[in-house]
Amino acid sequence: MPASPSTARAINDRLALRLLQQEGPLTAGQLKQLTGLSRPTVADLVERLTAAGLIAVVGEAGEQRRGPNAKLYGIVADRAHLAALDVRTEGVSVVVSDLVGAVLAEASVPIGGDTGTGPAVEQAVALVERVAKEAGADRLHTVGIGAPGLIDPATGELRDSTGLPEWHRRLVAALQERLPEARVNVENETNLAALAEQRDGVARDRDTFVLLWLGHGTGAAVVLDGALRRGASGGTGEIGFLPVPGTSGLPSAVDCAGGFHSLAGAAAIVELAGARGLTVEGGAAHEPPAAGVVRDAVALVARSGGEGAGKERGDLDTASAARFLDALADRIAIGVASVVAVLDPGCVVLGGEVGQAGGEALAGRVEERVRRMAPLATVVRPSSLGGEAVLRGALLTARDAAQDELFAPRDR
């Protein structure tokens, strides 16, 4: 059946708004060309969207013809303000943006392990309020949160997870109480990182892929046919619990020690580096020391041309760095090969701070080993976003949710 006039108008409006989001300011003529709609139809939708306060004239575009310049229309960016949070065990980072996703202010605060639940929640909420004030936001429309742990698929809430601070779960309720007008959404951090890599990172050309998170801990996000898969209990990707060879035992239902986490978690990587004679130094805020030692090892091997052999002091360090990267690739390949055998994703992204620090040098080593271990063709790519992917993903989900509501069809 043909769409009713009101439905057709709603479809056309959403199409125009999405184009303005993706392409930036456009003239009515450009909207006509991109949408394929008639000139009168475009004129009507521009009038409707302007009257609704969703778009406005933001400039002029000169055209190769006589007469006045064409008006440029853009989304009214300050129609809504958004916040995104990256919640870690050791602190929280916050960004506030406008409706089109332009970052207006950002900040981070460390939260020590000995901080009580109440004070920790207050520090995090106060940070959100401060960053919003610095951004000039009178109110927040939508807040997106990325946090470790399981998200209950029935309620959308962060579930109890062994080893995670209690203030993580309390934070969501506290934000909803202090920001009653805002929509607060929480998602697993690794899932958000995968979304960011698919939209803005190295997986833009992939509808099916797996992101293997390598940071303070380990995790995985599964995207199949363009859709994020969460599983029956929200636990898809809990790869830290994967039983693997090379550990001292088996993981349990309440402890991933003995699982893949024991091979590729930050502490295990630091221990592996030390065993190869590499010095581990502290890195940037929120970055695990493991990322720093991986980055240094990659740089050492690159400077030597990849040979990693010799008798001078520098050459010995280079040889140690090469052996360390090879051993780390051996470990990571065990987890990747397991994922490949079950899901056949065709592409695995080494995400998190460690994945980004390893770059092509580590990804190439892992891909070579997986090629020998699994019969299914798989490319392995390093993250281009690293630890920033969680915050980027949280902001993308907040922007999508806000736009879905504000751009929704209204009775006219």
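Predicted model: local features only at pLDDT ≥ 70, side-chain atom pairs only at ≥ 80, totals over all residues.
Student: How many bridges join strand β2 to β3, and in which sense do they run?

Tutor: Strand β2 (residues 55-61) is joined to β3 by 6 bridges, and the two run antiparallel. Ile55 has Ile75 in β3 as its bridge partner.

Student: Why is strand β3 described as largely enclosed?

Tutor: A residue is buried when its relative accessible area is under 20%. In strand β3 (residues 70-75), 5 of the 6 residues are buried, so the strand is largely enclosed by the rest of the structure.

Student: Why is the contact between Arg130 and Glu134 called a salt bridge?

Tutor: The rule asks for a side-chain nitrogen of Lys or Arg within 4 Å of a carboxyl oxygen of Asp or Glu. For Arg130 and Glu134 the N to O distance is 3.0 Å, so the pair qualifies under the 4 Å limit. Both belong to helix α4 (residues 117-134), where being 4 residues apart separates them by about one helical turn. An α-helix has 3.6 residues a turn, so residues three or four places apart point the same way.

Student: What makes Glu368 and Arg372 a salt bridge, and why do they fall into separate accessibility classes?

Tutor: Exposed means over 50%. Glu368, at 39% relative accessibility, counts as partly exposed, whereas Arg372, at 59%, counts as exposed. Elsewhere, salt bridges that share partners join Asp86, Arg88, Glu189 and Glu353 into one network. By the same rule, the count of salt bridges comes to 21.

Student: Why is Asp86 called buried?

Tutor: Asp86 has 5% relative accessibility, and the cut-off for buried is under 20%; Asp86 therefore counts as buried. The residue lies in strand β4 (residues 82-88). Leaving out residues up to four places away in sequence, Asp86 touches Gly91, Val92, Ser93, Gly146, Glu189, Gly387, Val390 and Leu391. Asp86 and Arg392 are 306 residues apart along the chain, while their C-alpha atoms are separated by 9.0 Å.

Student: How do you know that the buried residues of helix α8 lie on the same side?

Tutor: The buried residues of helix α8 (residues 266-275) are Ala266, Ala268, Ile269, Leu272 and Ala273. They cover an arc of only 160° around the axis, which puts them on the same side of α8. The face turned away from this buried side carries the exposed residues Ala267, Glu271 and Ala275. Just after α8, Gly277 takes a positive phi of about 80°.

Student: Which residues touch the most other members of the largest nonpolar core?

Tutor: In that core of 44 residues, they are Leu212, Val294, Phe324, Ile332, Val336, Leu350 and Val366. Helix α10 gives the most to this core, with 12 residues. Apart from it lies another core of 35 residues, including Ile145, Ile151, Ala174 and Leu179.

Student: What does Val294 contact beyond its neighbours within four places in sequence?

Tutor: Val294 is in contact with Ile269, Phe324, Leu325, Leu328, Val354, Ala357 and Gly358.

Key:
Residues numbered from 1 in each chain as written. Heavy atoms only, no water. Buried < 20%, exposed > 50% of the residue type's maximum accessible area, 1.4 Å probe, protein only. Pairing = 2+ DSSP bridges. Arc of directions from axis to C-beta. Core = buried A, V, L, I, M, F, W, Y, C linked by side-chain atoms within 4.5 Å. Contact = heavy atoms within 4.5 Å.
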